[in-house]
Amino acid sequence: MSGSERFDAWRASVAAIFSCEPRAPEEIDGFVARVTAFDLGSVLFAESAASGQRFVRSERLIRSTDIDHLMIQWYRRGGYRGMHAGDDVTVSPGDVSVLDLSRPFKTRIAGDHFHNCNIFIPRNFLLPQLRSGRALHSLRLSVDSALGRIFTRFLAATAEELPHATQAEIPTITQSIVGI
């Protein structure tokens, strides 16, 4: 496929979550992307890598879908700058960020490419475990923090082992992801 066709296929695959555009029109010819996703029941784990681009989750898109999830992203390579419901956020390589998909955001990938792990967790799975009043949208765990390093090591192991998991192991893996 041409770069334009690859980008159109990518855009269609992420359309329920956000709209995306190349950073510059001349970059579309070289566009590449890959995604490996695992349906863990109510939780989705996906590892993706793609060319740089802009992502937008608008109020209109939020109203048109019934997605009520939190998206946790670990940027193995690349990062982004953006606005999450009015908050300026910068995510660097190695950082983890949380996006509340019930709130709008705009991001722009830093660099030519990114590689990240994404976990989509239904809000009702995660909120009972949180301290009351803890805002998650725009939360960032730095690669320089102990918690950030622990969490990213867990995500790296999860990405490595999910292709080998049995169906019987999936519920426990899902509980571990939500728990951590």
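I began with Arg76, which has 34% relative accessibility and so counts as partly exposed. I took the classes from relative accessible area, computed with a 1.4 Å probe on protein chains only: buried is under 20%, exposed is over 50%, and partly exposed lies in between.

I note that the model is predicted, that local features need pLDDT of at least 70 and side-chain atom pairs pLDDT 80 or more, and that totals for chains, interfaces and linings use all residues. Residues are numbered from 1 along each chain as its sequence is written, and side-chain values use heavy atoms, with hydrogens and water left out.

**Entry 1. Salt bridges**

I looked up the partner of Arg76 and found that its side chain meets that of Glu47 in a salt bridge, at 2.8 Å from N to O. The rule I applied requires a side-chain nitrogen of Lys or Arg within 4 Å of a carboxyl oxygen of Asp or Glu. Arg76 belongs to strand E5 and Glu47 to strand E3, so the bridge ties together parts that are 29 residues apart in sequence. Helices (H or I, at least four residues) and strands (E, at least two) are DSSP runs that I number from the N terminus. Glu47 is buried, because its relative accessible area is 14%. I also recorded one network, in which salt bridges with shared partners join Asp8, Arg11 and Glu21.

How many salt bridges does the rule give? The count comes to eight.

I then turned to Arg23, which I found in two of these pairs. With Glu27, the closest N and O atoms are 3.0 Å apart. With Asp112, the N to O distance is 3.1 Å.

**Entry 2. His115**

I located His115 in strand E8. At 17% relative accessibility, His115 counts as buried. I listed its contacts (heavy atoms within 4.5 Å). Leaving out residues up to four places away in sequence, His115 touches Arg34, Glu47, Ser48, Ala49, Trp74, Tyr75, Arg76 and Arg77. Both partners of the salt bridge between Arg76 and Glu47 are on this list.

**Entry 3. Aromatic pairs**

Rings of Phe, Tyr and Trp (its six-membered ring) pair if their centres lie within 6.5 Å; planes under 30 degrees apart count as stacked, over 60 as edge-to-face, and the rest as tilted. Trp10 and Phe31 form a tilted pair, 6.3 Å from centre to centre with 55° between the planes. This pair links distant parts of the chain: Trp10 is in helix H1 (residues 3-14), Phe31 is in the loop between strand E1 (19-22) and strand E2 (33-39), and they are 21 residues apart. Trp10 is buried at 7% relative accessibility, and Phe31 is buried at 2%.

I next examined Phe55 and Phe114, whose ring centres are 6.1 Å apart with the planes at 80°, so the pair is edge-to-face. Phe55 lies in strand E4 (residues 53-57) and Phe114 in strand E8 (residues 105-122), so this pair ties together parts that are 59 residues apart in sequence. Both residues are buried. Ring pairs link Phe18, Phe55, Tyr75, Tyr80, Phe105 and Phe114 into a cluster.

I checked the pairing of strand E5 (residues 69-84) with strand E6 (residues 87-91) and found it antiparallel, over five bridges. DSSP must find at least two bridges for two strands to pair. Tyr80 stands opposite Val91 in E6. The hairpin has two residues between its strands, and Ala85 in the turn has a positive phi of about 45°.

**Entry 4. Cysteines**

I looked for disulfides (cysteine sulfur atoms within 2.5 Å). The count comes to zero. For Cys20, the nearest cysteine sulfur is that of Cys117, 19 Å away. Cys20 is buried at 1% relative accessibility, and Cys117 is buried at 1%.

**Entry 5. Helix H5**

Which residues of H5 are buried? In this helix (residues 170-179), I found Ile170, Thr174, Ile177 and Val178 buried. They cover an arc of only 95° around the axis, which puts them on the same side of H5; I took the arc from the directions from the helix axis to the C-beta atoms. On the other side of H5, Thr172 and Gln175 are exposed. The cover over the buried residues of H5 includes strand E3 (44-51), E8, helix H3 (123-126) and helix H4 (146-161).
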